[in-house]
Amino acid sequence: MKKLKLFSEAILEATECMLEIDKNVILIGLGVPDPKGIFGTTTNLQEKFGEDRVFDCPISENSVTGIVIGAALNGFKPIITHQRVEFSLLSIDQIFTQAAKWSYMTAGAQHLPIVIRLIIGRGWGQGPQHSQSLFSMFAHIPGLKVVAPSNPSDAKGLLIASIKDKNPVVFFEHRWLHSVTGYVPEDEYEVTIGKSNLYKEGEDITIVSYSYMFIECIKVAEFFELHGIKIELIDLRSLRPLDCDPIITSVKKTKNLIVVDNDWISYGIAAEIVARVSENCGNILETNPQRVGIEEVPIPSTRALARYVYPSQGKIIEAIIKQLNLTGIEIPEAEYNLSIDKSDIPNQNFKGPF
Amino acid sequence: MSTESYLKLYREILRIRIVEETISKKYPEGKMRCPVHLSIGQEAPPVGICANLTVTDQIVSAHRSHAHYLAKGGGLNPMIAELYGKKTGCAKGVGGSMHLIAPEMGMIAAVPIVGSSIPIAVGLAWGNKLSNNGKVTAVFFGDGAIEEGSFHESLNFAALHSLPILFVCENNNFSVYTSFEKRQSTKRKIYDIAVAHGIKSTYTEGNNVFEVAELANEATTFIRNEKAPFFMELSTFRHLEHCGPANDDNLSYRNQEYVDSWMKKDPILIAEDILIAKNILNKELILQLRHEIEAECEIAFQFAEDSEFPEKEDLYKNLYI
């Protein structure tokens, strides 16, 4: 049985499901029990599971992360949330230097079943300190698993898998995905960490993306379908471990590759994929692979500039036209290059402020 | 305190109130597209403290920075233009509400990552001490910042080096929707933490701007004479939601009795009662001041509306200097 659900509801459902079936699962984060419930992802969980399982917390990111490590060592399976990825940066010592090393440096004697939920901000003037897309930084660290779902069904399955996993898992949510809907199975299920999704088959070019930008890539593929260009679309879903074989198989078929990143391009996820493809099948590529991502500046608050920073459908279409040397395809301006007041919101109902 | 000083302090809190109320009213138009943390109800600490600072003295604020920026002398036109994302904004639109600056007036920075502002302010004070320039730095933060490690580390450093800095904790008892007793031990007071670091410390209710100004006078005199840090905890109350233009008491996260008791202690009402009793203020003068400020606001919002957005070629400006 599947029901149409918001991405945020899928996260709530996964969390509720795991709190129900495993008494060692606990949830902590700034604002978890408050009236807004982390954008609707933790609503009423404290009422249902009690103040001994679902917690608010002091604004003490580094220590609270260390504290959940301690609780995990004593048998609990904590989920910790941050309403913006930036807030987690105060706890990088505990995430990178402690949690990511623990299982390895104790020769497997101890392990840390922790989930760290990180929300990436975008739009409505969030500005330089509330909208960094720091996916690759976390994916760089061996010892962490990193997932970044693009739709409600994957969000539920990956969160359940993350909570069940014995290792620290960083679970990325893009703020613009919270209001996206999709069909979500009612029951408990897992989406395997480390498995990508071949979303759509095609012969002409392989497009790889993840998280919010994958939604934009689907629309781009639909646009090219009308022009007889068949795009093969791969949703990474997991950033570490990275499921590279399906990408290589795909590129061997299409012989063309574009990676659409949600992050700055330099030293990023797209760079990693292009590198692996080059190492494995660089000689069969018909065109130079391209990376599409965020301009290499901090995100400006004003929408007048932020609109140029992010990858858009228009930019992806342009990249494909250039790479495949296509002629006679007009990009409908209004739809694919959004106006200034549409470029900084996920949908017309969004009125800010956060 | 002279009549002139009384009126100046009153006018400044009234000015901030009217500016913030105008932002709250116009925000739903969808032209100020950035998160805003309004200072309504919390005007007295910024005004009372900045009244005791010179133009060259320095301040650092956090996410709720509008009142500090205005109290330190930041221009209204560039502030509103910044909220509109225009290139005439105080940070040319790239900062938004959470990054107001007016370096020429000593408004050095607003840092919206909780607690991260405090060591930066301590660094300003350290620099001022090393340069022996006599400047005082004031850093404003909320009760939530006390929970960050950097707060405690910064107090230690300021005490260790005997730095000319005023720590100002504006305690509004809430971190977004979470009340103080759900986040911090009630077995100690915030201002006692500073005492434990060897920093002279004081506490008062922070909604009487005249009282705050007098206490800040003592504090800044101490800092200038003794060349040592000082800590003030001022309790206060935010009228509206943590972030955004609206009142959200319909969500019942603060009980009505608590809200009512603080609304009776609104800094504007307190100041008006005191000044009317002293025959310094009357209804006509209040109206006259309101009209002046409303006219100033109208000009500022029109300025923001009329200003240009930055252009594409501005995108990479200032990434490196």
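This is a predicted model: local features need pLDDT of at least 70, side-chain atom pairs count only at pLDDT 80 or more; totals for chains, interfaces and linings use all residues.

Reader: How are two packed helices described?

Author: One gives the angle between their axes and the distance between the axes. Axes are lines fitted to C-alpha atoms, for helices over the stretch in contact, and angles run from 0 to 180 degrees between N-to-C directions. Helices (H or I, at least four residues) and strands (E, at least two) are DSSP runs, numbered from the N terminus. In chain A, the axes of α1 (residues 7–21) and α8 (residues 152–164) come within 8 Å and cross at roughly 30°. That angle makes α1(A) roughly parallel to α8(A); angles under 35 degrees count as roughly parallel, over 145 as roughly antiparallel, 65 to 115 as roughly perpendicular and the rest as oblique.

Reader: Which residues of α1(A) and α8(A) make the contact?

Author: Among them are Phe7(A), Ile11(A) and Met18(A) of α1(A), and Leu159(A), Ile160(A) and Ile163(A) of α8(A). Two residues are in contact if their C-beta atoms, placed from the backbone, lie within 7 Å. By class, this contact has eleven nonpolar, two polar and two charged residues. Ala, Val, Leu, Ile, Met, Phe, Trp, Tyr, Cys and Pro count as nonpolar, Asp, Glu, Lys and Arg as charged, and the others, Gly among them, as polar.

Reader: How do α1(B) and α10(B) pack?

Author: Helix α1 (residues 3–26) and helix α10 (residues 267–277) of chain B pack at about 155°, with their axes 10 Å apart. They are therefore roughly antiparallel to each other. Tyr6(B), Tyr10(B), Ile13(B), Leu14(B) and Arg17(B) of α1(B) meet Pro267(B), Ile268(B), Ala271(B) and Leu275(B) of α10(B). Eight of these residues are nonpolar, none is polar and one is charged.

Reader: How do the strands of a sheet pair?

Author: They pair through backbone hydrogen bonds, either parallel or antiparallel. Two strands pair if DSSP finds at least two bridges between them. In chain A, seven strands form an open sheet with mixed pairing, in the order β3-β2-β4-β5-β7-β6-β12. Its edge strands, β3 (54–55) and β12 (238–240) of chain A, each pair on one side only. Strands β6 (residues 145–147) and β7 (residues 169–174) of chain A run parallel and are joined by three bridges. Lys145(A) has Val169(A) in β7(A) as its bridge partner.

Reader: How many residues of chain A are in contact with chain B?

Author: 29 residues of chain A are in contact with 38 residues of chain B. On the side of chain A that touches chain B, the elements giving two or more residues are α4 (61–73) and α12 (303–309) of chain A. Of these, α12(A) gives the most, with four residues. That side has eleven nonpolar, eleven polar and seven charged residues.

Methods
Residues are numbered from 1 along each chain as its sequence is written. Chains are lettered from A and ligands numbered from 1 in the order in which they are written.
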